[in-house]
Amino acid sequence: PFTKANTLFFQGPDSLTKRLQERLMDRKNIYLIPGIFRDKHLLRFVICSSMTESRDIIFAWEEISSQTD
């Protein structure tokens with residue numbers, strides 16, 4: 001099991017990051033925390049459960065990937 005890790009997903013132009021956030025929020029399968037760092041929008045995916053398994057990470061990555069096509 002995973003304990004705690006942070007992963008940052010940066011997209012190119014801010015418009016793409018905002019669109020990715022909107023798509024993921026509309027689907028309601030995972031939640032990424034929006035933020036701004038050095039004037040660039042970013043999305044942060046946080047793992048906080050000691051019960052997280054590899055398949056949970058794979059699910060989240062596939063969800064993110066499916067909305068970037």
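**Reading the core and the helix packing**

Tutor: The largest nonpolar core has 9 residues, namely Leu 20, Leu 24, Ile 30, Leu 32, Leu 43, Phe 45, Ile 47, Ala 60 and Ile 64. A nonpolar core is a set of buried Ala, Val, Leu, Ile, Met, Phe, Trp, Tyr and Cys residues joined through side-chain atoms within 4.5 Å, where buried means under 20% relative accessible area (1.4 Å probe, protein chains only). Helix H1 (14–27), strand S3 (40–47) and helix H2 (54–66) each give two or more residues to this core, and the largest share, 3 residues, comes from S3. Helices (H or I, at least four residues) and strands (E, at least two) are DSSP runs, numbered from the N terminus. This is a predicted model, in which local features need pLDDT of at least 70 and side-chain atom pairs count only at pLDDT 80 or more, while totals for chains, interfaces and linings use all residues. Residues are numbered from 1 along each chain as its sequence is written, and side-chain values use heavy atoms, with hydrogens and water left out.

Student: At what angle do H1 and H2 pack?

Tutor: Two packed helices are described by the angle between their axes and the distance between the axes. Here H1 and H2 pack at an angle of about 120°, with their axes 9 Å apart; axes are lines fitted to C-alpha atoms, for helices over the stretch in contact, and angles run from 0 to 180 degrees between N-to-C directions. The contact (heavy atoms within 4.5 Å) is made by Leu 20, Leu 24 and Arg 27 of H1 and Glu 63, Ile 64 and Ser 66 of H2.

Student: Is Gln 67 buried or exposed?

Tutor: Gln 67, in the segment after H2, is buried, with a relative accessible area of 13%.

Methods. Buried < 20%, exposed > 50% of the residue type's maximum accessible area, 1.4 Å probe, protein only.
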